[in-house]
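User: Hi! Could you walk me through this protein, one piece at a time?
Analyst: Happy to, here it is.

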Amino acid sequence: MSVSPSSSAQAAREAVARRLRDLRKEAGLTVKELAAACGWHHAKTSRVENALTAPSARDIRAWCEAAGAAGQAQDLIVQSLNAESMYREWRHQVRNGLRHLQDSAAQFYRDTELFRLYSSTVVPGLLQTEGYAAAVLRTAARFRDLPVDDSLDAARARVERSRVVNEPGHRFVVVLEEHVLRCQMADEDAMAAQLGYLLTAGALPSVSLGIIPMATRERTQWPEESFHVYDDKLASVELVSAEVKVTQPSEVALYVKTFELLRSMAVYGAEARELVLRAIEALR
């Protein structure tokens, strides 16, 4: 069984906590002595050292000064900020609306050359039509209890962002579980349009579209949570509660390895088109 990708964020927090604990011990300070020097209760020191509380930049500076290691503060602050940014709760990401979330990724997509997209749930955003995207985002808005449902605007922004698929300098390797084709996230017309667009997008020179048939026997890799890998530098994993961003090279490599195993089970070309056509036929 795979480990939750949120463990990557926790491991990064724990690395910061261990370094702070080591600085305290190297300075010969007890938990209470460091707390007194920093001006807080000793329980806070324990929570930080056990990675139960994320230290603020001010906390880290005070800690390092108390331990006689002020020169290490800035590196630890950056390390701590990176750890916290890995695990971004959806409720925080959508505070400014779903449209804002789409717009925020546009430049990142333009800067990425190789996209590896695996989905076991829905069609990836970069290949979504406006009608399908609106239905998916509307479901997300309801689930998140957003005060304002801007899913229609967000869908248009998502489609606009997806124009990168047609721009030179990018490659898209997409692997879908066949279930994605059969999961009716939108009404019949929107689903038909979405599946039809998969046929069109799959024929683009920059796009490799593979589909893992439900009837695949003796799978070499079980279905995983949906994830995307960008330029071998970042893996983004979508959980129910949060988006996890993995940047540790060894972990990104593990996602690339998993992607390649999944890709090896997919069918392409005429076989993939046949699966899409069957899904369209099933809508009637």
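Analyst: One definition before we start: the expected span of a helix is 1.5 Å times one less than its number of residues. Helices (H or I, at least four residues) and strands (E, at least two) are DSSP runs, numbered from the N terminus. This is a predicted model, where local features need pLDDT of at least 70, side-chain atom pairs count only at pLDDT 80 or more, and totals for chains, interfaces and linings use all residues. Residues are numbered from 1 along each chain as its sequence is written, and side-chain values use heavy atoms, with hydrogens and water left out.

User: Thanks! How many helices and strands does the protein chain have?
Analyst: The chain has 14 helices and seven strands. Of its 284 residues, 45% count as buried, and buried means under 20% relative accessible area, exposed over 50%, partly exposed in between (1.4 Å probe, protein chains only).

User: Let's take α12. What span does α12 reach?
Analyst: From its first C-alpha to its last, α12 reaches 21 Å with 15 residues, close to the 21 Å expected.

User: And which residues of α12 are buried?
Analyst: They are A190, M191, Q194, L195, L198 and A201. Seen down the axis of α12, these buried residues fall within an arc of 130 degrees, so they line one face of the helix. The arc is that of the directions from the helix axis to the C-beta atoms.

User: What's going on at the start of α12?
Analyst: There, a side-chain oxygen of D187 comes to within 3.2 Å of the backbone nitrogen of D189.

User: OK, and where is S206?
Analyst: S206 sits in the loop between α12 (188-202) and β4 (207-212). S206 is buried, with a relative accessible area of 19%. Not counting residues up to four places away in sequence, S206 touches V165, H170, R171 and F172; contact means heavy atoms within 4.5 Å.

User: Is β4 itself enclosed or open, and what pairs with it?
Analyst: Five of the six residues of β4 are buried, so β4 is largely enclosed by the rest of the structure. Strand β3 (residues 171-177) runs parallel to β4, and six bridges join the two. Two strands pair if DSSP finds at least two bridges between them. V175 stands opposite G210 in β4.

User: New topic: which residues touch the most other members of the largest nonpolar core?
Analyst: L126, F172, L181, L195 and L198 do, in a core of 34 residues. A nonpolar core is a set of buried Ala, Val, Leu, Ile, Met, Phe, Trp, Tyr and Cys residues joined through side-chain atoms within 4.5 Å. A second, separate core of 18 residues includes V173, V229, A235 and V246.

User: How about L117, buried or exposed?
Analyst: L117, which lies in strand β2, is buried, with a relative accessible area of 1%. Leaving aside neighbours within four places in sequence, its contacts include L126, V173 and F259.

User: Last one: where does Q128 lie?
Analyst: Q128 is in the loop between β2 (114-119) and α9 (130-143). Q128 is buried too, with a relative accessible area of 5%. A polar contact of 2.8 Å joins the side chains of Q128 and R158. A polar contact is a pair of N or O atoms within 3.5 Å; within protein, one must be able to donate a hydrogen and the other to accept it, and residues adjacent in sequence count only if both atoms are side-chain atoms.
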